[in-house]
Amino acid sequence: MDQRRADPRGALVRPYAVTRGRTEPRQDIALEAVLTASPTAVAESRFAGHDKHRIASVCEGRAQSLAEIAAYTRMPLGVARVLVADMVAEGLLTLHTAAPADGFEERMEILGRVLSGLRRL
């Protein structure tokens, strides 16, 4: 049996190592915020590490939300959030905000109605 499968602590140590122990991103990025990567950024990300290269590859050619990036790369959301924020700061990903900041109350009202509708199901 593979040693990593026998010891469940391995699954916890890797995310800690990937983010270098950080649990908070450099900048707050909403789950629904859209991110893109240029072909040049994908090529440059090869030198930034395997996980960052996978993220850049997922965002090449089509926009992805932070939640989609975590799902497609099978990465814990907290880890993806830290790495994506780093990549935005490094210029490897372009962040496109999902909604203007002045529409926060309207956005929260819509999210509240969606949540209410889901609870009725």
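Helix H4 covers residues 50–59, and its buried residues are Asp-51, Lys-52, Ile-55, Ala-56, Val-58 and Cys-59. Buried here means under 20% relative accessible area, exposed means over 50%, and partly exposed lies in between (1.4 Å probe, protein chains only). Viewed down the axis of H4, these buried residues fall within an arc of 160°, so they line one face of the helix. The arc is taken from the directions that run from the helix axis to the C-beta atoms. Behind H4 comes Gly-61, with a positive phi near 85°.

The model is a predicted one: local features need pLDDT of at least 70, side-chain atom pairs count only at pLDDT 80 or more, and totals for chains, interfaces and linings use all residues. Residues are numbered from 1 along each chain as its sequence is written, and side-chain values use heavy atoms, with hydrogens and water left out.

The chain holds 7 helices and 3 strands. Both kinds of element are DSSP runs numbered from the N terminus, helices being H or I with at least four residues and strands being E with at least two. Starting at the N terminus, the order of elements is α-α-β-α-α-β-α-α-β-α. Of the 121 residues in the chain, 29% are buried. The accessible surface is about 8,500 Å², and carbon and sulfur atoms account for 55% of that surface; the areas come from the Shrake-Rupley method with a 1.4 Å probe, and for residues only the protein chains shown count as cover. Among contacts with a separation of 6 or more, 70% join residues 24 or more positions apart, where contact means heavy atoms within 4.5 Å.

The strands come next. They form an open sheet of 3 strands in the order S2-S1-S3, with antiparallel pairing. Two strands count as paired if DSSP finds at least two bridges between them. Strand S2 (64–65) and strand S3 (94–96) are the edge strands, each pairing on one side only. Strand S1 (residues 34–36) pairs with S2 in the antiparallel sense over 2 bridges, and Val-34 has Ser-65 in S2 as its bridge partner.

Gln-64 is found in strand S2. With 2% relative accessibility, Gln-64 counts as buried. Apart from neighbours within four places in sequence, Gln-64 is in contact with Ala-33, Val-34, Leu-35, Val-58, Cys-59, Ile-69 and Tyr-72.

In soluble globular proteins, nonpolar side chains tend to be buried together. The largest nonpolar core in this model has 22 residues, and those with the most contacts inside it are Ile-29, Leu-35, Ala-37, Ile-55, Val-84 and Leu-93. Such a core is a set of buried Ala, Val, Leu, Ile, Met, Phe, Trp, Tyr and Cys residues joined through side-chain atoms within 4.5 Å. At least two residues of this core come from each of helix H3 (39–45), H4, helix H5 (66–73) and helix H6 (77–90). H6 gives the largest share, 7 residues. Leaving out residues up to four places away in sequence, Leu-93 touches Leu-35, Thr-36, Ala-37, Ile-55, Ala-56, Cys-59, Val-84, Met-87 and Val-88.

One joins Arg-54 to Asp-51, with the closest N and O atoms 3.7 Å apart. Both residues lie in helix H4, 3 residues apart, about one turn of the helix. Arg-54 is partly exposed at 29% relative accessibility, while Asp-51 is buried at 12%.

Glu-90 forms a salt bridge with Lys-52, and here the closest N and O atoms are 2.9 Å apart. Glu-90 belongs to helix H6 and Lys-52 to helix H4, so this pair ties together parts that are 38 residues apart in sequence. Glu-90 is partly exposed, with a relative accessible area of 40%, and Lys-52 is buried at 11% relative accessibility.

Ala-70 is found in helix H5 and is buried, with a relative accessible area of 6%. Not counting residues up to four places away in sequence, Ala-70 touches Met-75, Leu-77 and Ala-80. Arg-74 lies in the loop between H5 and H6 and is exposed at 78% relative accessibility. The phi of Arg-74 is positive, near 55°, in a residue other than glycine. Most residues other than glycine have a negative phi.

Terms used
A salt bridge is a side-chain nitrogen of Lys or Arg within 4 Å of a carboxyl oxygen of Asp or Glu.
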